[in-house]
Amino acid sequence: KLQVRLVAMNNPARVAQPIRYRMTIINDSSERDGQIAMQFRLPPGVRLLSANPITNPEVNTFTVNGDVVTLTPIGSMSPGGTAEFQIVLESNQPQTFDFTVQAQSQRMQAGISQTIRTTVAP
């Protein structure tokens with residue numbers, strides 16, 4: 001099955017400072033999977049600085065529609081394969097928010113999500 005792991009690299013974070021997350025997508029199955037789509041919603045007061053594949057960090061591959069960020073789908077992933085991304089956000093106010101990443105694929109149409117609570121200090 002498809003798995004999403006989300007790790008906060010600096011939590012608590014500070015206002016107007018980068019909030020870094022590492023997201024790992026895992027094809028935890030014995031079959032190839034494909035068209036792996038990933039998206040997340042930006043909480044109020046939070047903006048996206050970057051969303052890069054760790055293997056190719058100079059590439060920002062995403063689209064933003066309102067407060068929803070969609071990463072470019074992973075075309076194909078071999079059995080046991082992984083893909084890692086660094087997502088960097090920034091908050092303009094002290095707050096605590098839930099950051100949720102969703103993923104779905106050809107083999108897992110229903111999708112899965114992973115949530116991490118983040119605290120932003122003044």
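## Terms and basis

In what follows, Ala, Val, Leu, Ile, Met, Phe, Trp, Tyr, Cys and Pro count as nonpolar, Asp, Glu, Lys and Arg as charged, and the others, Gly among them, as polar. The model is predicted: local features need pLDDT of at least 70 and side-chain atom pairs count only at pLDDT 80 or more, while totals for chains, interfaces and linings use all residues. Residues are numbered from 1 along each chain as its sequence is written, and side-chain values use heavy atoms, with hydrogens and water left out.

## The largest pocket

A pocket is an open set of points on a 1 Å grid over the protein atoms alone, where a 1.4 Å probe fits, with protein on both sides within 12 Å along at least five of seven lines; its lining residues have an atom within 4 Å of a point. The largest pocket has a volume of about 220 Å³, taken as the space filled by probe spheres set on the points, which are joined across faces, edges and corners.

The lining of this pocket comprises 5 nonpolar, 4 polar and 1 charged residues; among them are Pro53, Thr61, Ile74, Glu84 and Phe85. Strands are DSSP runs (E, at least two residues) numbered from the N terminus. Strand 7 (68–77) and strand 8 (82–91) each supply at least two residues of the lining, and strand 8 gives the most, with 4.

## The nonpolar core

A nonpolar core is a set of buried Ala, Val, Leu, Ile, Met, Phe, Trp, Tyr and Cys residues joined through side-chain atoms within 4.5 Å; buried means under 20% relative accessible area with a 1.4 Å probe, protein chains only. The largest such core has 29 residues, and Tyr21, Met23, Ile25, Phe40, Ile87, Leu89 and Phe99 touch the most other members. Elements giving two or more residues to this core include strand 1 (2–8), strand 3 (18–27) and strand 8.

Leu89 has contacts (heavy atoms within 4.5 Å) with residues including Tyr21, Phe40, Leu48 and Phe99, when residues up to four places away in sequence are not counted.

Two strands pair if DSSP finds at least two bridges between them.

Strand 4 is joined to strand 7 by 7 antiparallel bridges, with Ile36 opposite Ile74. Strand 4 also pairs with strand 9 in the antiparallel sense over 4 bridges, and here Met38 stands opposite Ala103. Strand 6 and strand 7 form a hairpin with 2 residues between them, and Gly66 in the turn has a positive phi of about 70°.

Technical notes. Buried < 20%, exposed > 50% of the residue type's maximum accessible area, 1.4 Å probe, protein only.
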